[in-house]
Amino acid sequence: MRAALVRPAEGVHRHDVPLRPAAVAMAWLGVGIPHEVLAVPGVALGRHDVLIAVEMSTICGSDIHTVQGRRHAPAPLILGHESVGRIIAIGDEGARAVDGAELHAGDRVVWSVTVSCGHCDRCLAGLSQKCRTLAKYGHARIEPRWELTGGFAGHVHLREGTAIVRVPEALPAAALAPVSCATATAWAGIARGAALRGRGRPDPAAAGSEETAVLACERVLVLGAGLVGLTAAVIAAELGGQVRIVDPDPGRRAFAERFGLAALAPDDVAEEGFDLVVEASGHAVRAALDAVDVGGAVVLLGSVFPAEPVPLDAERIVRGLIAVAGVHNYTGAELQAAAAFMGGRGRAYPFADAVGAVHPLAAVDAALVEAAAPGAPLRIGLTLR
Ligand SMILES: [Zn+2]
Ligand SMILES: [Zn+2]
């Protein structure tokens, strides 16, 4: 690997933070090109920016899509949007967590994949993940004054407009890193499904009881036992749903069974007519539309890569009073709920075991190949050392 050096930006109205030794990030330069080490000897924090020392990042399917050229990305960039880390510096006017609490150096945090302005029409409408001036960690071209843009790095520079959530010290990093993509997306999907079913807003802190749980007695089908589907199924079950999770991969089914889930091969689903169907693979949209009962809801989470269009039986949707919704990413409040779930009832489950191996950053190319291989664990972790 060659090393590139980026000079720190001039600090006008910014808080200069020199880094000795320099921060290290793995720069992705394009399809088929090995990552290069980027050394960043200092950052210039904006008024409410935050600098993070990364504890662990995990490789998500979107990172794999990017390196395989299946998802357009502006190189050079730093991949990685599932991370947990610790605050080491804050801009001159401070920063607050989603819950309003002031953040301090030393806080252990997760943060949103998106940076949102907070005042455009979409942000004001509660669609902050679709902000008119959106930026995304792990998916933004390196630019002057914002080099540390992704999680495959020793440090990440969080810009104002990032949702930041403090997380418990006791939780393993492997359970926390995926919160900012897989867990929060799963939470947003189940919350949307509950809303479409008229079941109200799920509370990550509420103790589940058969009668009061938001999804009590709901027949829930989750298609795809990757980390998003698995997490969605666990959340739905914790909220009282009667959950089936389906995946063609026996290894994924076996892992899902460790979470107490009823995991089935696609041809083995005996029931039909589900109240809520969550499609989390991107490969079973038609099956999802076929499986939903009259008055039911279909939430599509997995279709985040190009695929053949799926025929839509509009008459069945209309006559069946069926709701179909897409959910992509999540809001800051949903990230906070997802973190609260993982720090609460999620502790009872072996989520940390979804990270099957942890490699040093320098081995990122091999780690991405490993993560994309058939039968790979749901996540591969990366750390500075
Ligand atoms: Zn906005
Ligand atoms: Zn992701």
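User: How many residue pairs are in polar contact between domain 1 and domain 2?

Analyst: The count is 3 residue pairs, both residues being at pLDDT 80 or more. A polar contact is a pair of N or O atoms within 3.5 Å; within protein, one must be able to donate a hydrogen and the other to accept it, and residues adjacent in sequence count only if both atoms are side-chain atoms. On the side of domain 1 that touches domain 2, the residues divide into 6 nonpolar, 1 polar and 3 charged. Here Ala, Val, Leu, Ile, Met, Phe, Trp, Tyr, Cys and Pro count as nonpolar, Asp, Glu, Lys and Arg as charged, and the others, Gly among them, as polar.

User: On what basis are these values given?

Analyst: The model is predicted: local features need pLDDT of at least 70 and side-chain atom pairs pLDDT 80 or more, while totals for chains, interfaces and linings use all residues. Residues are numbered from 1 along each chain as its sequence is written, chains are lettered from A and ligands numbered from 1 in the order in which they are written, and side-chain values use heavy atoms, without hydrogens and water.

User: What are the bounds of domain 1 and domain 2?

Analyst: Domain 1 covers 15-180 + 350-383, and domain 2 covers 183-326; such bounds come from an automatic or database domain assignment. Their contact (heavy atoms within 4.5 Å) takes 10 residues from domain 1 and 14 residues from domain 2. The two domains bury about 1200 Å² between them, 68% of it on carbon and sulfur atoms. Buried area is the accessible area (1.4 Å probe) that two parts lose on being put together, summed over both. Pro350, Phe351 and Leu378 supply 45% of the area that domain 1 buries against domain 2, more than any other three residues.

User: Why is the pair of Asp353 and Arg258 called a salt bridge?

Analyst: The term requires a side-chain nitrogen of Lys or Arg within 4 Å of a carboxyl oxygen of Asp or Glu. The side chains of Asp353 and Arg258 meet at 2.5 Å, N to O, so the pair qualifies. Between domain 1 and domain 2 the count is 1 salt bridge.

User: What do Glu55 and Arg108 tie together?

Analyst: Their side chains meet in a salt bridge at 2.8 Å, N to O. Because Glu55 lies in strand β4 and Arg108 in strand β7 (residues 108-115), the pair ties together parts that are 53 residues apart in sequence. Helices (H or I, at least four residues) and strands (E, at least two) are DSSP runs, numbered from the N terminus.

User: What is the phi of Cys217?

Analyst: Cys217 has a positive phi of about 70° although it is not a glycine. Most residues other than glycine have a negative phi, and most peptide bonds are trans. Cys217 lies in the loop between α4 and β11 (219-223).

User: Which residue does a cis peptide bond join to Arg20?

Analyst: The bond joins Arg20 to Pro21, with omega about 0°; Pro21 lies in strand β2 (residues 15-28).
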